Amino acid sequence: MNMGTSTPPLTKLAAWQALEAHYPKVRDLHLRKLFADDTKRAERMTAEAVGIYFDYSKHRITDETLRLLLQLAEESGLRARIDAMFRGEKINVTEKRAVLHVALRAPNGQSMMVDGEDVVPQVHAVLDKMAGFSNRVRSGEWKGHTGKRICNVINIGIGGSDLGPVMAYEALRYYSQRDLTFRFVSNIDGTDFAEATRDLDAEETLFIISSKTFATLETMTNAHTARDWILKSLKHPAAVARHFVAVSTNAAAVAMFGIDTANMFEFWDWVGGRYSMDAAIGLSTMIAIGSEHFLAMLDGFHQMDEHFRTAPFERNLPVLMGLLGLWYNNFFGAQTIAVLPYEQYLKRFPAYLQQLTMESNGKHVTLAGTEVDYQTGPIYWGEPGTNGQHSFYQLIHQGTKLIPCDFIGFLQPLNPLGRHHDLLFSNMFAQAEALAFGKTSQEVQAEGTPAWLAPHRTFEGNRPSSTILLERLTPEALGKLIALYEHSVFTQGAIWSIDSFDQWGVELGKALAVRIIPELEPAAEHQLTHDSSTNALIRRYGRAKEPSHGR
């Protein structure tokens, strides 16, 4: 593993230095020329595995680029780090934890060890418990306090306890039980809770409180508001046990809240929040789509896990994706990557990837604690096609920033309506083609465009993209797609020699917020010891709370 001691620093590796020398030779090569000079390029620069077709031919690379990137993966110890993760070693060095989200989707009978213990039986015990509960809710067997069946399920969480479930629900809504309503509350802004519950009947509503510690400020604030909302209608404290379940490891806090610990679903410290949607954090997903579909999703994850673990790097989809991202981030200076799913059900997928990628690889020191002298995690963003074409694609096509793109499509529609799917895919293919090859000034003028207008209608092209195709958006396909990005993030973090599994960057703001909370009362003005800007803002907020304010 590249811990900063077993291998030289990244920028001293032979492959890195070879890439630095190679970059000026390809920097100005145009994709028009690369394709014209190599009629087999589109055949060679594709890879296919576990039902995913990955076309990376529209990238600004040559065979030599690819060879050097693969060499960089080898020299930086990627293989050893992959093996260490699957062995359950504590590769999250700052928190001294194993990183074993792959165990969450390991089939029963496979063994994965953490501290000498096989964790797979524990995983399947929780999955079985989730399935039993989900089936009771879906069938109507689980009743609320007054005997009414549950019709509404609200997941309360934040970060990985929210983004994964809400993304999965939207992505797999086609498979969801339609007589159940699902909502998700994460923001501490009271509007989030108020709007989620405004039209619901407390007698028919179940809350899932998702918090590992049962102490997260935002989640527990919303949880207590939910408890008050239930008790306002149902009056009796015993109602809490019929309208709340918990995804947590803190049994004492769960019981104190009023939730029956028999309805507490466990997960473990070797599962990071942003990697937990296939653990008990996915309880709302399982209730929505049923346990069979949920297990099919886990199988999709597992298929990609095994591909990542065993495939040679030159045919390894997550490794190739990670290396291409690194190529633009570290050599072209590209700061962002656009994720463009041509599938309306994946409308929350870019937001999910924002946490997965940026919380994982937004790091400025190596595993050894030394400052990096190269760029790490790029910014991920995006929207579904074709919507994005009518907003930000202008910048990607003709702006001054280089933005590599991931186009994602499913060949078979879930909702076939007329020619909609043909039009959707024609747009996706056309956008990737236009980004790559553009339109020259000569071509524009040949169409009769006046010379003065030609510069405005010229497309430089040479804008790189990947095209990722799957057959159909099924639970299994979603699992494969998520794991593809998980392991791409892992690949980049391993090469950059950073810890992709901690998130200390969120701690300072949280600690300061706790300090500021009591200072927001007007009487606390004289106690302020922040900088002058923060002090003034706190005082202004305090004045707004005074009874006379605005009257």
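Which residues form a nonpolar patch on the surface? Here they are: Ile188, Leu217, Val514 and Ile517, with about 340 Å² of accessible area together. For a patch, each residue needs over 30% relative accessible area and no salt bridge, and nonpolar side chains (Val, Leu, Ile, Met, Phe, Trp, Tyr) are joined within 5 Å, like charges within 9 Å. The areas come from the Shrake-Rupley method with a 1.4 Å probe, and for residues only the protein chains shown count as cover.

Some background, then. This is a predicted model, where local features need pLDDT of at least 70 and side-chain atom pairs count only at pLDDT 80 or more, while totals for chains, interfaces and linings use all residues. Residues are numbered from 1 along each chain as its sequence is written, and side-chain values use heavy atoms, with hydrogens and water left out.

Back to Val514, which lies in helix α21, residues 507–516. Helices here are DSSP runs (H or I, at least four residues; strands are E, at least two), numbered from the N terminus. Val514 counts as exposed because its relative accessibility is 53%; the cut-offs are under 20% for buried, over 50% for exposed, and partly exposed in between.

Now, the rings. A search of the whole structure finds 30 aromatic pairs. Take Phe490 and Phe501: their ring centres are 6.1 Å apart and their planes sit at 45°, so this pair is tilted. To pair, rings of Phe, Tyr and Trp (its six-membered ring) need centres within 6.5 Å; planes under 30 degrees apart are stacked, over 60 edge-to-face, and the rest tilted. Phe490 lies in helix α20 and Phe501 in the loop between α20 and α21, so the pair ties together parts 11 residues apart in sequence. Phe490 is buried at 3% relative accessibility, and Phe501 is buried too, at 8%.

On to charges. How many salt bridges does the structure hold? There are 26, each being a side-chain nitrogen of Lys or Arg within 4 Å of a carboxyl oxygen of Asp or Glu. One of them joins Lys148 and Glu203, at 3.7 Å from N to O. That pair links distant parts of the chain, 55 residues apart, with Lys148 in the loop between α6 and β5 and Glu203 in the loop between α8 and β7.

Glu476 and Lys480 make another, with their closest N and O atoms 3.0 Å apart. Those two are four residues apart in helix α20, so about one helical turn separates them. Glu476 is partly exposed at 28%, whereas Lys480 counts as buried at 9%.

Conventions. Buried means under 20% relative accessible area, exposed over 50%, partly exposed in between (1.4 Å probe, protein chains only).
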